Every structure is written in C-alpha cells, then in structure tokens.
Amino acid sequence: MADFLTDIETIRARARARQEIEKGPVTDAYGADLERVLQVLNEALATEIVCTLRYKRHYYTASGLYSEPVAAEFLEHATQEQEHADKIARRIVQLGGQPDFHPDTLTQRAHAGYDASADLLEMIKEDLVAERVAIASYTEIAQWLGDGDPTTRRVFEDLLAQEEEHADDLRGLLERIPRSGRA
C-alpha cells in the first residue's frame with residue numbers, strides 16, 4: 001500500500017476550511033460543475049414531484065375489478081417518489097442551492113410527464129413509461145457525475161435502485177391484469 005503523501009498542514013491549507021466556511025461541504029476537492037449539478041438536481045426534483053402527483057392521481061382515480069391492489073401500489077410509489085423529492089431537495093440545499101418547487105414550471109423541467117389516464121391499464125403503462133424514463137436519466141446522471149461528486153452520484157444510484165423496483169412492480173401488475181380487465 002502506498003504511503004499517504006499529504007501531510008496534515010497541507011491538507012488543512014488546501015481545504016481552506018476557515019476561509020470558505022460559507023460553502024459548507026463544497027471544498028476545492030469537489031470535482032463537478034456545481035451550477036450544472038444544481039440544475040440537474042432541480043430537474044430531478046421536478047421529475048420526482050410530477051411522478052408523485054401522477055401516482056397520487058392514479059391512486060385516487062383507479063377503479064374497476066382489479067383496481068384495489070393496483071391503487072395500493074400507486075399509493076406506495078407516490079410515497080416513495082415524495083421521499084425521493086425530499087432527498088434531492090436536501091442535497092440541493094447541502095450544495096448551497098435553492099430547490100425549485102415553482103408549480104408553473106414543474107412539468108417543463110421534469111424528465112417524465114404527467115398523465116391523466118382514466119383506464120387502469122393505461123395508468124400502469126404510463127407509470128411504467130415514466131419509471132423507464134427516470135431509470136435512463138438517473139443512470140446517465142450517475143455516470144456523468146462519476147467521481148466529481150460521489151455523494152450526489154450515490155443519491156442518484158439509490159434513487160435508481162428504487163425506480164428499477166417500481167418498474168418491475170408495474171411490469172408485474174401488467175402481467176397479472178387480463179387485457180379484458182379494463183376498468
């Protein structure tokens with residue numbers, strides 16, 4: 001194993017811990033484009049809020065023979081998507097940014113769209129499409145962040161794992177509901 005080459009005084013000086021205290025956890029070791037990371041985080045925040053709203057709408061409007069277990073899944077996913085939004089908002093604040101909750105621009109900034117389907121199967125399909133969009137974008141974001149911001153990368157990796165679980169849940173629902181079981 002190689003020696004740790006940097007002495008304590010150099011580490012302390014390099015970190016400028018006292019001189020730049022207002023930056024909180026962002027030090028010179030931060031290797032990403034902070035402004036772009038904050039923009040991407042706010043886009044992901046919008047995505048999670050829109051997903052929460054879509055799942056909530058589907059939860060309240062699901063009806064028909066197969067709707068009860070599907071609605072329960074929608075509610076569970078809505079709760080988890082809200083947790084994702086909270087996690088992203090906390091990270092934005094940690095990095096010194098401002099979480100953008102402005103309702104007029106949420107759907108414009110979100111990666112996934114809102115859906116107002118009335119048909120149960122269409123609801124499931126639209127939620128699955130949205131999950132697949134989130135999976136693709138969060139995978140790209142995690143790869144883009146790389147070692148430049150490992151903490152934010154881990155946030156997206158955690159979100160990605162749950163979005164993949166959601167997609168699998170929805171695929172399972174599609175497989176269990178007969179095509180003639182439209183609600």
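Reader: Over which ring does the charged end of Arg54 sit, and how far from its centre?

Author: The charged end of Arg54 sits over the ring of Tyr55, at 5.3 Å from the ring centre. Please keep in mind that this is a predicted model.

Reader: Which residue has its ring paired with that of Tyr55, and what is the geometry?

Author: The partner is Phe74.

Reader: Where do the two residues lie? And are they buried or exposed?

Author: Tyr55 belongs to helix H2 and Phe74 to helix H3, so their pairing ties together parts that are 19 residues apart in sequence. Both Tyr55 and Phe74 are buried.

Reader: How many aromatic pairs are there by this rule?

Author: The count is three aromatic pairs.

Reader: Which parts does the pair of Tyr138 and Phe156 tie together?

Author: Tyr138 lies in helix H5 and Phe156 in helix H6, so the pair ties together parts 18 residues apart in sequence. Tyr138 has a relative accessibility of 0% and counts as buried because the cut-off is under 20%. Phe156 is buried as well, with a relative accessible area of 1%.

Reader: Turning to the core: how many residues does the largest nonpolar core have, and which have the most contacts inside it?

Author: The largest nonpolar core has 44 residues. Those with the most contacts inside it are Leu41, Phe74, Ile88, Ile124, Tyr138 and Phe156. Helices H2 (34–61), H3 (67–94), H5 (120–145) and H6 (150–176) are the elements that give two or more residues to this core. H5 gives the most, with 11 residues.

Reader: What is Leu41 in contact with, leaving aside neighbours within four places in sequence?

Author: With those neighbours left aside, Leu41 is in contact with Ile88, Arg91, Ile92, Leu95, Thr152 and Phe156.

Reader: And Lys87? Where does it lie, and how exposed is it?

Author: Lys87 lies in helix H3. Its relative accessible area is 32%, so Lys87 counts as partly exposed, between the limits of 20% and 50%. Apart from neighbours within four places in sequence, Lys87 is in contact with Val155, Asp158 and Leu159. The C-alpha atoms of Lys87 and Leu45 are separated by 8.9 Å, while the two residues are 42 apart along the chain.

Reader: Let us step back. What pattern does the protein chain follow, and how much of it is buried?

Author: Along the sequence the pattern is α-α-α-α-α-α, with six helices and zero strands. Of the 183 residues, 42% count as buried. Among contacts with a separation of 6 or more, 78% come from residues 24 or more positions apart. The accessible surface is about 10500 Å², and 52% of this belongs to carbon and sulfur atoms.

Reader: Finally, where is confidence lowest and where is it highest?

Author: Confidence is lowest in helix H1 (residues 8–15), with a mean of 67, and highest in H2, at 98. For the protein chain the mean pLDDT is 91, and 90% of the residues reach 70 or more.

Definitions and conventions
Residues numbered from 1 in each chain as written. Predicted model: local features only at pLDDT ≥ 70, side-chain atom pairs only at ≥ 80, totals over all residues. Heavy atoms only, no water. Helix = DSSP H or I, 4+ residues; strand = E, 2+ residues; numbered from the N terminus. Buried < 20%, exposed > 50% of the residue type's maximum accessible area, 1.4 Å probe, protein only. Contact = heavy atoms within 4.5 Å. Areas by Shrake-Rupley, 256 points an atom, 1.4 Å probe, with all protein chains shown as cover. Core = buried A, V, L, I, M, F, W, Y, C linked by side-chain atoms within 4.5 Å. Phe/Tyr/Trp six-rings, centres within 6.5 Å; stacked < 30°, edge-to-face > 60°. Lys NZ or Arg CZ within 6 Å of the ring centre and 35° of its normal. pLDDT = per-residue confidence, 0-100.
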